[in-house]
Amino acid sequence: MPDTPAEKNTRPAPTLELLATLYTLDQLKNAVHDMPQIALAGRSNVGKSSLINALARRKKLAKVSSEPGKTRSVNLFEVKPDGFCLTDLPGYGYARRGHEERRSWAELIQNYLEKTPTLRALALLIDCRIPTQESDRVMADFAKSRGLPIIAVLTKADKCTLKERAAQQKAWQKMIGVKPITVSSVTKMGIDELWERLREAGKPEVIEEPEATPENTPDSAE
Ligand SMILES: Nc1nc2c(ncn2[C@@H]2O[C@H](COP(=O)(O)OP(=O)(O)OP(=O)(O)O)[C@@H](O)[C@H]2O)c(=O)[nH]1
Ligand SMILES: [Mg+2]
């Protein structure tokens, strides 16, 4: 008889499907999805949309640009067959956009984060070459204040040396108390490990049946 393969290896590889693109607060309010959600947050250009593509093993599922400020909407991607959503958010902290545009994005991100009851975790992305910034700390503090688990991700690992990477990991671990996973959307380094973490955080809650007691067990039929 063949050996039973480990459960991890029998799970079908997840696929990503665009479920909704939301530009306004009204659209956000009316988008009712009861699936668990994990949001990808981080400064503009950190590589959120590229990471969505790397996770999906597709090139153009999410729009990517070398110009910061590419993603302007909240994009929900359903993870199949797991049944949760990954959310690609606009980036924060990009100074060269107009004041009005930045304000409306900030409002959209804030509303999404504060008013999504099924939000399960925040994947917080940090560029491995850029020192910690106040805006990242604010995002981490927000997640902590909500009791949201943070999955810390160091992006663009292909662009920095091992030494730089280790220093950055240490700085982030000290600041947010979570060891970041190092990934590269170019070489696909760390993508499998990140999938494991995301699938664990997004899995549907198991509602435990109460234990059978004489009080809650109906009498057997005559
Ligand atoms: N070398 C390298 N470049 C990357 C990686 N990930 C993203 N990039 C590049 O970084 C730039 C920004 O990537 P995006 O994925 O659009 O970044 P984003 O965080 O979605 O940006 P906004 O939508 O503006 O918030 C693009 O030029 C990408 O090709 C990576 O792992 N390695
Ligand atoms: Mg983007």
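What share of the contacts in the protein with a separation of 6 or more comes from residues 24 or more positions apart? I looked it up: such pairs account for 73%. Two residues are in contact if their C-beta atoms, placed from the backbone, lie within 7 Å.

A note on the source: this is a predicted model, where local features need pLDDT of at least 70, side-chain atom pairs count only at pLDDT 80 or more, and totals for chains, interfaces and linings use all residues. Residues are numbered from 1 along each chain as its sequence is written, while chains are lettered from A and ligands numbered from 1 in the order in which they are written.

Next, the fold. I found seven helices and seven strands, taking helices (H or I, at least four residues) and strands (E, at least two) as DSSP runs, numbered from the N terminus. Along the sequence I read α-β-α-β-α-β-β-α-β-α-β-α-β-α.

Then I picked Thr182, which sits in strand β7 (residues 181-182). Thr182 counts as buried because 22 other C-beta atoms lie within 10 Å; the cut-off for buried is 20 or more. Of the 222 residues in the protein, 32% are buried. Beyond its neighbours within four places in sequence, Thr182 has contacts that include Cys128, Leu154 and Ala157. Ala157 is 25 residues away along the chain, yet the two C-alpha atoms are 6.3 Å apart.

Last, ligand 1. I saw 24 residues around it, with Gly47, Ser49, Ser50, Thr71 and Gly91 coming nearest; a residue is near if its C-beta atom, placed from the backbone, lies within 6 Å. Helix α3 (residues 48-56) gives the largest share of this shell, three residues.

Notes
A residue is buried if 20 or more other C-beta atoms lie within 10 Å of its own, exposed if 12 or fewer, and partly exposed in between; C-beta atoms are placed from the backbone.
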